[in-house]
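Please read it alongside the coordinates.

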Amino acid sequence: MLFNKPINDLTFQDVVDFCKKEIPEGKQLDYKYLLPKNKEKFAKTIASFANALGGTIIIGVQDDKNDKPAPPFTGIAYHEKIRNSIEDIIQVYIDPIVFVDINTCVGPNNRMFVVINIPQSNLTPHLVGKSKRAYIRTGQSSRPEMIVHPSKLPWLLDHRKKSERLRHILYDKAESHFDNYLKMKNIRQDGLPVWTLSVSPLYPEEQLTDYKLLPQLIKECTTQAWFGSLPGEGYPLQPVQDGATVISNVQDIHKTTEFNVYGLLMDKRIAGETKTFNGHKARVVSVEKLAQELVLFFVTAIKYLNKISFGGSLYFRLKMSNSHALRVSLGKQKATVLEDYLRMDRTFNLAELEDGLSATIQSILQEAAWGLGIPADGEILKTLVDGFLGDIE
C-alpha cells in the first residue's frame, strides 16, 4: 500500500510527501519524469505490473542512481489530454486491455503529477506490441521487466495458486469464527439457513493495513440506514488473528461481520425469521430483506477497500446453506425453496463496483431470487435497490 488514501483522492502535496519518503523503484513502483516517447516501452511497463503483483507509476518524478525519487518535486507542466494519451497507449499496444486508475494531481503554477494504479490482473498474460510478448515486473533496477513466453508462466501461475490458497484460508478461518460463535451460544445450525456474503482481493498477497487500526477503520466504514447497519451498531468487536469480528449481541439475531487485514470482508448470519406462512409456522426469508443486506454489505465493502487503498481485482461470493424447504417472499409472490445449497461467485474491480453499484446488486439479487424460487421482475428489483441505496445515511 503506497498511499494511505484512494488514488482518486490524492493531491499534488500527497505525491510530494510520498516522494520525500525516498522509496525506491521496485516490483510495484516506477517513477517517470515524462510520459515516454517510446509508447510500446511504456505499455511494456504497464503490462508487466498487471502480469505480476500490480503496481503504481508516478509521472513527474525523476529518480537518482539508487532508483529513489530525486528532488525538486515539482511535477510536469499541466497537460490536459495526458489521461487520454495513456488510455490510447493501453488500447493500442496491450492485449487484452489492462484496466487502470489514473489521477492527475494538479498543483501550484499549473504543474501536475500523474499517478497510474495498475491492479494485479486476472486476465494474464497481457501481451505487448506486434510481437505479442509477455512481461513481468522483476523489481531489479538493471532489468525491471522480464520477457516470459505466454505459454510458459510458471512463476506467475505458481504465485497465483499461492494467492488463491491464501484466499481459501482466509475464507475458512472467517467461517470457522461464525461456527465457534454459535457453539458459544449453544446454537445448533443444523437445518437452519445460513446466509454468507464475502468479498476479498482475487489474489491476496500482503497485509493491506495494520490490525491495530481495525477498530477505527471499522467505525469509519460502518454503514447505516433505517433498515439496519453493517456491522451492527453497538455490537462488540472480537479480535482474531489478522482481523476483527463484530459479533451480534442482540437476541434472536445471530451474525458475525469479519474484517481482515488482507482485505477480506465477510458477513455471515442465520437467515430469515419464523413467521406464519400459508397458515403454518415456517422459516421465511424475504427478497426485500436480502436486497437490504446486499446494499449494506456492498456500501461497507467499498468504504473498507477504499480505506485500505485496494484497487485491484475482487472476488465476491454469495452463499446460502440449508435452504431446502425455506419459504421465500417478494411482495405477494411466495415460494418454497427446492435447492439445498446456493452459491454465486463474481469477479470485478473496485472501480467497476463503484460505478455500477446498483446494477451489480440488482443482477446478484435477481439471480439469488431465481435460485430461491422467485422469478423476480427486474424493474421491481431496480426500484427496491435504488430506494435502499437512497436510504443510506
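Glu175 is found in helix H4, which spans residues 154-184; helices here are DSSP runs of H or I with at least four residues, strands are runs of E with at least two, and both are numbered from the N terminus. With a relative accessibility of 16%, Glu175 counts as buried, a class that means under 20% relative accessible area, while exposed means over 50% and partly exposed lies in between (1.4 Å probe, protein chains only). Once its neighbours within four places in sequence are left aside, Glu175 is in contact (heavy atoms within 4.5 Å) with Thr196, Met266, Lys268 and Lys319.

This is a predicted model, in which local features need pLDDT of at least 70 and side-chain atom pairs count only at pLDDT 80 or more, whereas totals for chains, interfaces and linings use all residues. Residues are numbered from 1 along each chain as its sequence is written, and side-chain values use heavy atoms, with hydrogens and water left out.

Phe348 has its place in strand S24, residues 341-349, and is buried, with a relative accessible area of 12%. Apart from neighbours within four places in sequence, the contacts of Phe348 are Phe298, Gly312, Ser313, Leu314, Phe316, Leu353 and Thr360. The C-alpha atoms of Phe348 and Val299, which are 49 residues apart along the chain, are separated by 15 Å.

Two helices show how burial is arranged. In helix H1 (residues 12-19), six of the eight residues are buried, so this helix is largely enclosed by the rest of the structure. The buried residues of H1 are Phe12, Asp14, Val15, Val16, Phe18 and Cys19, and what covers them includes strands S1 (29-32), S2 (55-59), S4 (69-70), S7 (101-106) and S8 (111-118). In helix H5 (residues 214-221), the buried residues are Leu214, Leu217, Ile218 and Cys221. These cover an arc of only 100° around the axis, which puts them on the same side of H5; the arc is that of the directions from the helix axis to the C-beta atoms. An α-helix has 3.6 residues a turn, so residues three or four places apart point the same way. Among the elements that cover the buried residues of H5 are strand S13 (223-225), strand S17 (255-260) and helix H6 (287-307).

| Site | Feature | Value |
|---|---|---|
| Pro71 and Pro72 | cis peptide bond | omega about 5° |
| Leu230 to Pro231 | cis peptide bond | omega near -10° |
| Asn110 | positive phi | phi near 60° |
| Asn186 | positive phi | phi near 60° |

Most residues other than glycine have a negative phi, and most peptide bonds are trans. Pro72 lies in the loop between S4 and strand S5 (76-77), and Pro231 in the loop between S14 and S15. Asn110 is found in the loop between S7 and S8, while Asn186 lies in the loop between H4 and strand S12 (194-201) and counts as exposed at 71% relative accessibility.

For the whole protein, there are nine helices and 24 strands. The radius of gyration is 23 Å, close to the 21 Å that the globule rule gives for 393 residues, so the protein is as compact as a globular protein of that length; the radius is taken over C-alpha atoms, and the rule is 2.2 Å times the number of residues to the power 0.38. Along the principal axes, the C-alpha atoms fill a box of roughly 75 × 40 × 40 Å. Of the 393 residues, 51% count as buried.
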